[in-house]
Amino acid sequence: MLQHLREQVLEANLELVRKGLVLFTFGNASGISREEGLVVIKPSGVPYEDMKSEHLVVTDMTGKVVEGKLRPSSDLPTHLVLYEAFPEIGGIAHTHSEYATSWAQARKPIPCFGTTHADYFHGPVPVTSEMTDEEIAGDYEKNTGHAIVRCLQRHGAGTTPGVLVANHGPFAWGKDAASAAHNAVILEAVARMAYFTLGINAAAQPVGRGLHDKHYLRKHGAAAYYGQPKDSK
Ligand SMILES: [Zn+2]
């Protein structure tokens, strides 16, 4: 079932490891088939080096396992809340990559200091609000998803391919699992560069609106012109 999606999601999970974003089994990537309403996600606790596409777990939108012998990643409910809230996303990647997680732990949004950041994020990378004790004691993973949704509603959904969950780490997404993994890698790079920028000059200021808009909008705006036209060879 969903063999192509399984391969894509496996590849996205392995990409997070190749790019050094994953410690042990932390982190997970998933992808969704919107037509079938089914999600493919990494199994819980399986070492990446042993992971095969048949180990991935297929669930419906309520989290019920439809295919797979292993338990899905414990973060599945977070992924489901995001898929439900944002119909345009097709893949999600979560890691505890060190620089992005450090910003999340400091509960500081990552300022946009340059064009690498501006190419992907229209504004600082936002941080979710702290979760309440009730939210943590209750349906924790689902409430993590709700915290992300609230954060995006505040900052403008669709203008950021990732956020920092306060005291936890980054979640990134994209049109499919591969682009979610790509955005998780970019988010880590942006977090790292911002950290170094402030190390070199603690008074460094974010890029001006003009440069920020120029870079973001040439890739993502209504009149985007970066890259090749879709029908070009
Ligand atoms: Zn986590």
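1. N167 is partly exposed, with a relative accessible area of 41%; buried denotes under 20% relative accessible area, exposed over 50%, and partly exposed the range in between, for a 1.4 Å probe and protein chains only. N167 sits in the loop that joins β6 (162-165) to β7 (169-174). Helices here are DSSP runs of H or I with at least four residues, strands are runs of E with at least two, and both are numbered from the N terminus. The phi angle of N167 is near 60 degrees, a positive value in a residue other than glycine. Most residues other than glycine have a negative phi.

2. The model is predicted, with local features requiring pLDDT of at least 70 and side-chain atom pairs counted only at pLDDT 80 or more, while totals for chains, interfaces and linings use all residues. Residues are numbered from 1 along each chain as its sequence is written, and side-chain values use heavy atoms, with hydrogens and water left out.

3. R107 also has a positive phi, near 55 degrees, in a residue other than glycine. R107 belongs to the loop between α3 and α4. With 39% relative accessibility, R107 counts as partly exposed.

4. H94 is buried, at a relative accessible area of 0%, whereas H96 is partly exposed, at 32%.

5. Helix α3 (residues 98-106) meets helix α7 (residues 177-200), their axes coming within 7 Å and crossing at roughly 65 degrees. Axes are lines fitted to C-alpha atoms, for helices over the stretch in contact, and angles run from 0 to 180 degrees between N-to-C directions. The two helices are therefore roughly perpendicular to each other; angles under 35 degrees count as roughly parallel, over 145 as roughly antiparallel, 65 to 115 as roughly perpendicular and the rest as oblique. The crossing of α3 past α7 is left-handed, that is, the near helix is turned anticlockwise from the far one by less than a right angle. On the α3 side the contact involves E98, Y99, A100 and W103, and on the α7 side L187, E188, A191, R192, A194, Y195, F196 and L198. Contact means heavy atoms within 4.5 Å. By class, this contact of α3 with α7 has 9 nonpolar, no polar and 3 charged residues. Ala, Val, Leu, Ile, Met, Phe, Trp, Tyr, Cys and Pro count as nonpolar, Asp, Glu, Lys and Arg as charged, and the others, Gly among them, as polar.

6. Helix α7 also packs with helix α1 (residues 3-18): the axes come within 8 Å and cross at roughly 10 degrees. α1 and α7 are therefore roughly parallel to each other. Q8, V9, A12, E15 and L16 of α1 meet A177, A178, A181 and A184 of α7. By class, the contact of α1 with α7 comprises 7 nonpolar, 1 polar and 1 charged residues.

7. L14 is also found in helix α1 and is partly exposed, with a relative accessible area of 22%. The C-alpha atoms of L14 and E49 are separated by 8.5 Å, although these residues are 35 apart along the chain.

8. Is helix α2 (residues 76-85) mostly covered or mostly open? Helix α2 is mostly covered, with 7 of its 10 residues buried. The buried residues are L76, T78, H79, L80, V81, L82 and Y83. They pack against β1 (28-33), β2, β3, β5 (91-94), α6 (140-155) and β7.

9. Two prolines in loops deserve mention. P126 lies between α4 (115-118) and α5 (133-137) and counts as buried at 2% relative accessibility. Leaving aside residues up to four places away in sequence, P126 touches P109, C151, H155, T160, G162, V163 and L164. P47 lies in the loop between β2 (38-41) and β3 (57-60) and counts as partly exposed at 32% relative accessibility. P47 and F24, 23 residues apart in sequence, are 7.1 Å apart in space, C-alpha to C-alpha.
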